[in-house]
Every structure is written in structure tokens, then in C-alpha cells.
Amino acid sequence: MTAQPPDPDPRRTPDLEAGGGVPPGSTPPDSAQTSGLSHPQPMPGKTAPVLWLVLTGVLVLMVAGLVIALAVGWLGV
């Protein structure tokens, strides 16, 4: 069994003009298309996002500690 070609036969397509065009008001026939990935994509690592979240949390805690120390007067600035 042979597979059908993905594009319709131009000789059997209604409303198809010579040269492959269609008259105004007509819709050209659909042709098959292949979509999707040819192979599975690799999964991104989870280390970098977690590392950035931890570093951001440490920075936020350090800034909050500095603001509290300045408000209490522990730094003497």
C-alpha cells in the first residue's frame, strides 16, 4: 500500500486556474503539513532557578537586616 501524496492533484481540484491560482471568492484546497518536533527536546535543569531564588532570598534578608540595624541604631552611623 502506498501513501497518498500530501498535496491534492491539481487536475482534479475544482476552481483551480491555469498557473495554480484561484478565482476571487474561492478557497484553495488544504494541503497536509507536518508540525511538531523531530526529536524530544532536553529538559532544562532546575539548579539555576533554585540557586537564583536562594540568592535573592539571602539578599533580601541582608537588606532587611541592614534596615533594621539602622532603625535601632546598632550601627552608629
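In this tour, a residue is called buried under 20% relative accessible area, exposed over 50%, and partly exposed in between (1.4 Å probe, protein chains only). The model is predicted: local features need pLDDT of at least 70, side-chain atom pairs count only at pLDDT 80 or more, and totals for chains, interfaces and linings use all residues. Residues are numbered from 1 along each chain as its sequence is written, and side-chain values use heavy atoms, with hydrogens and water left out.

Begin with the whole chain. Of its 77 residues, 3% count as buried. The chain has one helix and zero strands; these are DSSP runs, with helices (H or I) of at least four residues and strands (E) of at least two, numbered from the N terminus.

Next, select residues 47-72, which make up helix α1. The 26 residues of α1 should span 38 Å at 1.5 Å a residue, and the end C-alpha atoms lie 37 Å apart, which agrees; the expected span is 1.5 Å times one less than the number of residues.

Within α1, select V50. This valine counts as partly exposed because its relative accessibility is 49%.

Move to the residue just after α1: G73 takes a positive phi of about 95 degrees.

Finally, select E17, in the segment before α1. E17 has 43% relative accessibility and therefore counts as partly exposed. Apart from neighbours within four places in sequence, E17 is in contact (heavy atoms within 4.5 Å) with V22 and P23.
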